[in-house]
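Q: Got a model to go through with you. Can we start with a helix contact?

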Amino acid sequence: MPSKEEILEEAGKQILMEISIRASELGASFDAGAEDVARFISAKAAELSLAVDQPGFNEAVIAARDSVLLKAAGRAVVEADRWDETLKETARSSLSIVARLIPMLG
Amino acid sequence: MPSFVRPLGLVFFMAIAGVPAITVVSTSGCAGKAAREEVLVPAMRLASYGVEDDALVGVETLPLEIQEANRLIVKKFFGIIRDGDDAGIRLEAIGYWGRVRELADTGIEAKLEDEVVGESVAKLLSDRVSDFDRALRAYITRSPAMVD
C-alpha cells in the first residue's frame, strides 16, 4: 500500500507528464504554423513576380501584403485557440488526477 | 496525524499541482480572444482599404438607381471593421459581407475588363478577398476559451 506522500508524488509526476506532452504538441503545432506562413509568403512572392509588368502592379503589391498579414493573423488565431484548448485540457486532467486522489487519501 | 492536516495536505497539493493550471486558464485562457482583437482585427483593418476599393468599383457597375444603397452597405461594412467593435463585427458586419464580397469580385472583374489591372494582378486581388473572407470567418468563430 503506497503512502500518502508516494501517492501525491506519483500524481505530481502524472500532472507534469501531462503538461510536458501537451507542451511538446503545442510546440510542433507552432512550428507547422510558421512553416505554413513561410510557404504562403513564398507563393505570394512567386505570384507577384508574374505581375511585375502588368497594369496595377502597385495594387498587386498591396494585395499580396494584405494577404500575407491576413494569413499570419489567421494562423495566430488558430494557434491561440489551440493554446486555450490545451490549457483547458491540462486543467481538466490535473483536476481529474487530484479528484482520483481524494478517496485514496481517506 | 491530526485529522485537519489531511485536507491541508490536499489543499497544498492542489496549490502546487492543480491550481497553477487553472490559474493559467483563467488569466491567459482567452489567448484566442486576444489574437482576434489584437492581431486579426488590425490585419483586417489594413486589408479593408483595398477590398473596399474593389467593392466600390463593383458598385459602379450596378444600375444607377441601386448604386447608392449598395455604396452605403459597403461603407457601413468597412466602418464596422475599422471600428473593431466585437458585437458589430459578429452581429452586423457578417450580415453585409456576402453582398460586399460579391461587389468586390465584380469590381475586380470590371478592373480586369477595363485593363486597369492585368490577369496576375486580378488574381492577387481576388485572393485578398478570399483571405479577408477566411479572416472574417476565423474572427466570428468563438475561441474555445469563450465557448465554456
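Q: Which residues in helix 2 of chain A meet helix 6 of chain B?
A: This is a predicted model: local features need pLDDT of at least 70, side-chain atom pairs count only at pLDDT 80 or more, and totals for chains, interfaces and linings use all residues. Residues are numbered from 1 along each chain as its sequence is written, with chains lettered from A and ligands numbered from 1 in the order written. On the helix 2 side of chain A, they include A:Phe57, A:Ala60, A:Ala64, A:Leu70 and A:Val77. Their partners in helix 6 of chain B include B:Val121, B:Leu124, B:Phe132 and B:Ala138. Contact is C-beta atoms, placed from the backbone, within 7 Å.

Q: How do the residues of that contact divide into nonpolar, polar and charged?
A: 13 nonpolar, 3 polar and 7 charged. Ala, Val, Leu, Ile, Met, Phe, Trp, Tyr, Cys and Pro count as nonpolar, Asp, Glu, Lys and Arg as charged, and the others, Gly among them, as polar.

Q: At what angle do helix 2 of chain A and helix 6 of chain B pack?
A: About 25°, with axes 8 Å apart. Helix 2 of chain A is therefore roughly parallel to helix 6 of chain B (angles under 35 degrees count as such).

Q: Switching topic, what box do the C-alpha atoms of chain A fill?
A: Roughly 80 × 15 × 10 Å, along the principal axes.

Q: And how many helices and strands in chain A?
A: 2 helices and 0 strands. Helices are DSSP runs (H or I) of at least four residues, strands (E) of at least two, numbered from the N terminus.

Definitions and conventions:
Axes fitted to C-alpha atoms, helices over the stretch in contact; angles between N-to-C directions. Parallel < 35°, antiparallel > 145°, perpendicular 65-115°, else oblique. Contact = placed C-beta atoms within 7 Å.
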